[in-house]
Amino acid sequence: MPAPDRTGLKIVQLDVKDIRFPTSLGGHGSDALHTDPNYSCAYVTTTTENGKHGYGLTFTCGRGTEVVVFIIRSLKKFVLGKNAADIFADFAGFWRAITNDSQMRWIGPEKGAIHLAVAAIINSLWDLWARIENKPLWRLLVDMEPEELVSTIDFRYITDVITKEEAVQLLKDKKAKKQERIEYLEKNGYPAYTTQVGWMGYSDELVKQLCEKYIELGFTHFKVKVGRNLDDDYRRCSAVRKYIGDDNFLMVDANQAWSVNEAIEWMKKLAPLKILWIEEPTSPDDVLGHAAISEALKPYGIGVATGEMCANRVMFKQFLQSGGMQFCQIDSARIGGVNEILAVYLMAEKLKVKVCPHAGGVGLCEMVQHLQYWDYASLSGTMEGRLIEYVDQQHEHFYDPTVVVNARYLAPKLPGYSTQFLPETLDKYTYPNGKEWQRMFKEGVFPPPDETELANA
C-alpha cells in the first residue's frame, strides 16, 4: 500500500472527552461483580493540520473514566507535532514509544488504566489512517501486504510463540482465496451471538420477552450472566434453555466471580443445561487457574472463554500456550489498540484457538466487527465455531453504527473504525457538563460529581 501523502498530516490537536450513559438505571450490563455499570468511554479526537480527524475510544463502566481521561492528556506529548504518515510508516516503533516511556511505564507497564488510555489514542490513529485511505478499517487491514501489516506490531515478549517471519507466512498462506472471502463477507456478513437476554438485573418476564425477540431475529447463541447464587443461576439458565430450545446454544459468564475450585463445582452443576462455554470463571490474571478449569470441564463438553480483561499480548500468550482458553475473547479497547490485538490474533491462529471477540460496551461492537472481518478474510479463513458478541445498546449514538440482520454483522462500508459519535451525543452525555447529566443531577437521579471528576472535566 503506498504511503499516505505527508502534506498537512502533522497532528495539531488531540482532544479527549468523558462520555457516560446512565445504563445502570435499567440494569443493562449488570453481572455478578459489575452490579450497576454506567456504560462509558474516554473518547479521543485526533486532528491533523489539513483538518483530517481520527476518532478512538476505550470502554469504561462510569466512575474512573476521569482517570483514563487524565492519562490520555498526559500522553498527548507522544502524538502532538508528529506527522501521521511517519507514525504509520513505523507504527510498531511508535507503539513501543508510547507504551515504554522510561518513567510512565512504572504505572503499567502495558496494563491497567494507562493501557486503556493508550488504546483510545491508538484506535484514533487507526481510524485516522483508514479515513485518509478512504476505507473502512477492515479493508485497510485486508488490503495490506503481509509484510506491511506485520510491521505495525511490536513482537517484543512474544517471539517464543510467533516471530515476524512466521506471522508473514501465516498471512501469505491465506492469500489464495482471500478475494472470495471478502466477497462472502460483503454478501453474508459475520455471525453474532447475543448477551442482551442475560443481564443479571433483568426480571424473569423481561428475559422471556428478550429470548422470544432474539429467536425471532435469527439468533442461535445466547449468553447468560451467572456467579452470584447457584440456585438462582440454575433457575435463570433453565428458563433461558427452555425459551431457546435444545437446538440452540447457551453460554454463561461469571465475570471473575469464583475461585478455581468453586468455578469447577459450580459449572458441574450447570452442565446438564448443555453449556457451550463458561466465560471469565475466575481472576482474569490466573492463567494456571483457567487451565485447571479447562481441564476439569473438558469431560462435560464445556469450554473456557476469556480475554475481555486480559491485560496485554503477554497474558494472552500464556493463556493460549497453557490451554487455559478454548475461546479467545479479544477486546478492542482493553489492550493497546489494533496493533497489539493483531498480535493476539496471529498467536491464536498459530496455536489454533478460536477468536470470539468481546463486545457490547460503548463502541465495542462497532470496532470488533472490523477485526473479525480481517481475521476471516486474511488470517484464519474460517468462521467455524467463531462468533462476535452483540448487545443492542448505544449504537444509535454513532455515525456508522453496527448493523446486525438475521444475527449477522453486516460489512461496514464507511471509511474509518466506526468510532465517531454524533454531535448531539457529545452534547448530551459528556460528563459532567452534558445536558442529560446536568438534568439528572438537578433531579437527584445521580449525585453530582466529586472534586476529582470536576477537576478533569
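This is a predicted model: local features need pLDDT of at least 70, side-chain atom pairs count only at pLDDT 80 or more; totals for chains, interfaces and linings use all residues.

How many disulfides does a search of the whole structure find? I got zero, a disulfide being a pair of cysteine sulfur atoms within 2.5 Å. For Cys-328, the nearest cysteine sulfur belongs to Cys-310, 7.8 Å away. For Cys-365 the closest is in Cys-41, at 13 Å, which is too far for a bond. I noted 0% relative accessible area for Cys-328 and 0% for Cys-365.

Residues are numbered from 1 along each chain as its sequence is written, and side-chain values use heavy atoms, without hydrogens and water.

Next I looked up the sheet. It is open and antiparallel, with three strands in the order E1-E2-E3 (strands are DSSP E runs of at least two residues, helices H or I runs of at least four, numbered from the N terminus; two strands pair if DSSP finds at least two bridges between them). E1 (11–20) and E3 (53–60) are the edge strands. Nine bridges join E1 to E2 (residues 40–48), and Lys-17 stands opposite Tyr-43 in E2.

Last, I checked Arg-386, in the loop between helix H15 (364–379) and strand E11 (388–390). Arg-386 is buried at 9% relative accessibility. Its side chain makes a polar contact of 3.4 Å with that of Asp-375 (N or O atoms within 3.5 Å, one able to donate a hydrogen and the other to accept it; residues adjacent in sequence count only if both atoms are side-chain atoms).

Key: Buried means under 20% relative accessible area, exposed over 50%, partly exposed in between (1.4 Å probe, protein chains only).
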